Amino acid sequence: MNWQVEIYESRPDLRLPSSKVATQQRSINLAISSRGIAALRAVDASAADRFMETVIPMRGRMIHDRHGNLQSQPYDRDGQCINSIDRALLNEELLEEASAVPNIRLAFKHKVLSADFDQRVLVVQDVTSGTDIRVNFDLCIGADGSYSVIRRQLMRVVRMNFQQEYIPHEYIELKVPAGQDEHGKPTFLLDPNHLHIWPRHSFMLIALPNKDKSFTCTLFAPTVEFDRLITREDILLWFQNHFPDALSLLGEDKLLEDFKENPRSPLITTKVMPYHYKDRCVILGDAAHSMVPFYGQGLNCGLEDVRVLLTLLREECVIPCAPMPGSGDPDFIDQKLCKALSRYSESRHEDVVAICKLAMDNYVEMRHSVTTPFYIFRKALEDFLFSLTCPRPTSVSSMAEPLSHIAFPTVNPRGWLPLYTMVTFRPDISYATARRKAARQAIILTTIARLGTVAVGATSFYFTLRTLRWL
């Protein structure tokens, strides 16, 4: 939109070889789905196409039971998929795209210390020299993560409701190396077009494919479970009992090395309200809403934040000038920009609360429910109802035009739509709308199940009476 943009990042440039070691400790793969892709396309369609060249499509979950048996559960009846993308690679590509824009300036090793939104001034420290710099701004966008400095500064000037919750589970990252084919070339040791899950009721292991034919694995477990894994023998025995087939892929020595070198990381949910202050500041992504990773929507929700904000700026006809009207006057308020940011806070919060709740619910589904007969029956019934009421698939490409102008074009989705489909493959439906519709459909499914139980009971009773009469 032709704003003059300055980006301040406290860490070094991720693209430099010297930065690679620091990023390796947090290599958990990201799953980009239709919401994230639609958001990228709304900003820059050609850049979105370039990003998609680096992904590996995952068409469903591959469930591994304790005996090594496999069960494929497709995500979508039409073959739509989520995509595994390397976190570091995505970050580097985004930086490359930003660097190529002439009105964007990147400043690495520059840490924001404080912000005065009324005076429109940031204090930024040059990490290399230790020098503090005063930076004037018209609009400050805080996209600085779960422990956001900008959010803390925002709390000083707005009545912000803030909720932070650590769940009693942690995660640690492991690695399945690439194998070798008969010609000695790298090959995948697991099917690369699935998200692999080892559900074990209260904990689980997952694996996502990488371009180098390896898999990034993440073990999620209660903190008390991790606390028991102290010695070499404890770790190996625990994996032999719960993940014997995964242990053979991970390798004992590499597993023990990963447990020693990779940190145990907490899982956090953060909810705040509002996200803005006048026309001066807005927070996006994890700074505004951290969520547990079990729906694979953290990245997608953050990218969608950008798309939603962009549509609101366009709707309110916010057009930056050089200089902006009233620049230099701390009391001046751009009413159009103020209204756009206010609408963003009001409309986005409900969706964020919805996806945070859905993400936590999906943990239970992934680590346990996917193995139960009831889940399998319910999924089959939902797919059947979906096919009856929505015979034609809805593609992301067909939504591109409306999504670039309207935050969520579909307000009242018709037909039967599985919750996973709405959340993952329908960026035209907001998270809150998806959750409300899924709740209504759950009531219908429960009613069908109860009627079915009554019908089976009545039928059994009838045949029992017939048998007794015959006897």
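Visitor: Let's start with helix 2: how many of its ten residues are buried?
Guide: Helices here are DSSP runs of H or I with at least four residues, strands are E runs of at least two, and both are numbered from the N terminus. Buried means under 20% relative accessible area, exposed means over 50% and partly exposed sits in between, using a 1.4 Å probe and protein chains only. Helix 2 is mostly covered, and its buried count is eight.

Visitor: Before we go on, what kind of model is this?
Guide: Residues are numbered from 1 along each chain as its sequence is written, and side-chain values use heavy atoms, leaving out hydrogens and water. Local features need pLDDT of at least 70, side-chain atom pairs count only at pLDDT 80 or more, and totals for chains, interfaces and linings use all residues, since the model is predicted.

Visitor: Back to helix 2, then. Which residues in it are buried?
Guide: Helix 2 spans residues 34-43. The buried ones in helix 2 are S34, R35, G36, I37, A38, A39, L40 and A42.

Visitor: How do helix 2 and helix 10 sit relative to each other?
Guide: Axes are lines fitted to C-alpha atoms, for helices over the stretch in contact, and angles run from 0 to 180 degrees between N-to-C directions. The axes of helix 2 and helix 10 (residues 298-315) come within 8 Å and cross at roughly 40°. Angles under 35 degrees count as roughly parallel, over 145 as roughly antiparallel, 65 to 115 as roughly perpendicular, and the rest as oblique. That makes the pair oblique.

Visitor: And what handedness does the crossing of helix 2 with helix 10 have?
Guide: A crossing is left-handed if the near helix is turned anticlockwise from the far one by less than a right angle, and right-handed if clockwise. Where helix 2 passes helix 10, the crossing is left-handed.

Visitor: Which residues of helix 10 meet helix 2?
Guide: Contact means heavy atoms within 4.5 Å. From helix 2 come R35, G36, A38, A39, L40, A42 and V43. Their partners in helix 10 are N300, L303, E304, V306, R307, L310 and R314.

Visitor: How many charged residues are in the contact of helix 2 with helix 10?
Guide: Ala, Val, Leu, Ile, Met, Phe, Trp, Tyr, Cys and Pro count as nonpolar, Asp, Glu, Lys and Arg as charged, and the others, Gly among them, as polar. The contact has eight nonpolar and two polar residues, and its charged count is four.

Visitor: Which residues of helix 3 touch helix 2?
Guide: The axes of helix 2 and helix 3 (residues 45-52) come within 5 Å and cross at roughly 140°, so this pair is oblique. Helix 2 brings I37, L40, R41 and V43. From helix 3 come A45, A48, D49, F51 and M52.

Visitor: What is the crossing of helix 7 and helix 9 like, left-handed or right-handed?
Guide: The axes of helix 7 (residues 232-242) and helix 9 (residues 252-261) come within 11 Å and cross at roughly 120°. That angle is why helix 7 counts as oblique to helix 9. The handedness is right-handed.

Visitor: Moving to the backbone, where is the cis peptide bond?
Guide: Most residues other than glycine have a negative phi, and most peptide bonds are trans. Here P274 is found in the loop between strand 18 (265-273) and strand 19 (276-277). The cis bond, with omega near 5°, runs from M273 to P274.

Visitor: K278 isn't a glycine, so what is its phi?
Guide: K278 lies in the loop between strand 19 and strand 20 (281-283). Its relative accessible area is 31%, so K278 is partly exposed. The phi of K278 is positive, at about 45°.

Visitor: P186 next: is it buried or exposed?
Guide: P186 belongs to strand 14 (residues 186-187). Leaving aside neighbours within four places in sequence, P186 is in contact with A178, G179, D212 and K213. Because its relative accessibility is 52%, P186 counts as exposed.

Visitor: What separates the C-alpha atoms of N193 and N83?
Guide: N193 is found in the loop between strand 14 and strand 15 (195-199). Not counting residues up to four places away in sequence, N193 touches I56, P57, M58, R59 and G60. N193 and N83 are 110 residues apart along the chain, with their C-alpha atoms separated by 8.9 Å.

Visitor: Last one: which residues does UniProt give for the FAD-binding domain?
Guide: UniProt positions are in the numbering used here, feature names are shortened, and annotations may be inferred rather than shown by experiment. The unreviewed UniProt entry places "domain: FAD-binding" at residues 79-314.
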